[in-house]
Amino acid sequence: MPVTAPPSDTSTLASAAFGARPDLFPLPLGGDPVASWHRAVALGGQGRYAAARAELTGLHRATGADGALLSLAASTEASLLRQLGRHREAAVLDGRAAAVLADAPPYSSRTAEARCDALTGLAADALGCGRIRLAVRLLDRCAAALDEAEGVHGAVLRRQRVRLHWVCAETALASGDFATARRRSAAAATEAERSGSVRHLVKSDLLRAASWTGESDLAPARDLCLDVLDRSTALGLVPLRWAAAMLWDGLGGGDAARRVRDESAALVARRGGRFATIRA
């Protein structure tokens with residue numbers, strides 16, 4: 001018999017998307033546009049790409065979704081493509097996410113969150129296309145927008161800080177600057193822990209492991225990578241499990257790492273996603 005989703009529970013969906021329960025499935029229904037967005041984010045984190053896209057399609061058609069929320073939805077859809085290595089397609093959606101905000105209330109916290117998501121998304125897209133200088137410029141714009149927003153609202157936008165640290169760390173890695181990558185990934189982990197987002201902490205630790213690959217002793221990188229692999233497996237975070245297996249393979253994981261990589265990719269394919277490149 002098919003699994004039926006429980007009735008809507010807004011707090012549960014928020015916890016699944018950005019809190020302590022990224023492993024939750026089946027997920028409650030989204031009873032309003034914000035809850036629907038949270039549901040899509042949680043599904044994407046689990047690698048349930050077809051279900052996440054369907055949720056986002058419904059959100060775009062829903063009444064009561066303001067411009068900032070539609071921007072967040074576009075950024076989320078872009079992130080699904082980016083996870084699969086489709087950076088050019090993601091950039092189109094991140095550009096749309098930024099454009100939607102032209103008519104959004106300029107000083108609302110949700111608008112600030114959406115603007116930062118669009119900018120970090122565009123930076124990650126640029127990085128994925130090998131345009132490091134453009135990525136750096138976009139990250140600088142995001143940092144300035146984030147500082148301004150936090151000044152206006154008097155609160156730390158932790159999720160946006162985490163994402164900014166992620167892409168800064170990834171850009172540093174692409175530039176061979178492992179010291180900066182370690183600093184930014186550690187900052188991401190600290191912010192993720194403070195926010196209570198288990199999924200964000202797992203991804204931050206994956207970047208921390210990658211940042212240690214510049215050392216002559218690869219044991220710390222390998223140990224943390226395997227810890228991330230264990231946690232992502234236990235939590236059902238299949239895209240992060242695949243990424244951890246890829247890193248493990250690069251650290252000498254051999255056939256065992258490639259087996260986990262291929263199992264994860266096959267599961268993602270069954271759920272409506274396909275990675276752009278699988279290395280032999």
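Trainee: Why is Asp23 called partly exposed?
Mentor: Its relative accessible area decides. Buried means under 20%, exposed means over 50%, and partly exposed lies in between, with a 1.4 Å probe and protein chains only as cover. Asp23 has 32% relative accessibility, so Asp23 counts as partly exposed. Keep in mind that this is a predicted model: local features need pLDDT of at least 70, side-chain atom pairs count only at pLDDT 80 or more, and totals for chains, interfaces and linings use all residues. Residues are numbered from 1 along each chain as its sequence is written, and side-chain values use heavy atoms, with hydrogens and water left out.

Trainee: What makes Asp23 and Arg21 a salt bridge?
Mentor: A salt bridge needs a side-chain nitrogen of Lys or Arg within 4 Å of a carboxyl oxygen of Asp or Glu. Here N and O are 3.0 Å apart, and the side chains meet in a salt bridge. Arg21 is at 37% relative accessibility, so Arg21 is partly exposed.

Trainee: How many salt bridges does the whole structure have?
Mentor: A search finds 20. Take Arg161 and Glu150: their side chains meet at 2.8 Å, N to O. Arg161 lies in helix H8 (residues 158-174) and Glu150 in helix H7, so the pair ties together parts 11 residues apart in sequence. Those helices are DSSP runs of H or I with at least four residues, numbered from the N terminus.

Trainee: Are Arg161 and Glu150 buried or exposed?
Mentor: Arg161 has 16% relative accessibility, so Arg161 is buried. Glu150 has 15%, so Glu150 is buried.

Trainee: What about Asp249 and Arg258: which label does each one get?
Mentor: Asp249 sits at 17%, so Asp249 is buried. Arg258 has 26%, so Arg258 is partly exposed. The two form a salt bridge, with the closest N and O atoms 2.9 Å apart. Elsewhere, salt bridges that share partners join Asp205, Arg208, Asp227 and Arg231 into one network.

Trainee: What makes Arg88, Arg131, Arg133 and Arg137 a patch of positive charge?
Mentor: Patch members have over 30% relative accessible area and no salt bridge, and like charges are joined within 9 Å. Lys and Arg count as positive. The place of an Arg charge is taken as CZ. These four Arg residues gather in such a patch on the surface.

Trainee: How do you know that Arg133 is exposed?
Mentor: Its relative accessible area is 72%, so Arg133 is exposed. Arg133 is placed in helix H7 (residues 132-153).

Trainee: What is meant by the largest nonpolar core?
Mentor: A nonpolar core is a set of buried Ala, Val, Leu, Ile, Met, Phe, Trp, Tyr and Cys residues joined through side-chain atoms within 4.5 Å. The largest one here has 32 residues. Leu27, Trp37, Leu56, Leu59, Leu69, Val268 and Phe275 touch the most other members. Helices that each supply at least two residues include H1 (10-18), H3 (49-61) and H12 (238-270). H2 gives the most, with 6 residues.

Trainee: How do you know that Tyr49 is buried?
Mentor: Tyr49 has a relative accessible area of 0%, so Tyr49 is buried. Tyr49 is found in helix H3. The C-alpha atoms of Tyr49 and Val268 are separated by 7.6 Å, though the two are 219 residues apart along the chain.

Trainee: Why is Ala234 called exposed?
Mentor: Ala234 is at 64% relative accessibility, so Ala234 counts as exposed. Ala234 is in helix H11 (residues 219-235).

Trainee: What makes the peptide bond from Phe25 to Pro26 cis?
Mentor: Its omega is near 0 degrees. Most peptide bonds are trans. Pro26 is found in the loop between H1 and H2.

Terms used: Patches are made of residues with over 30% relative accessible area and no salt bridge: like charges are joined within 9 Å, nonpolar side chains (Val, Leu, Ile, Met, Phe, Trp, Tyr) within 5 Å. Accessible areas come from the Shrake-Rupley method with a 1.4 Å probe; for residues, only the protein chains shown count as cover.
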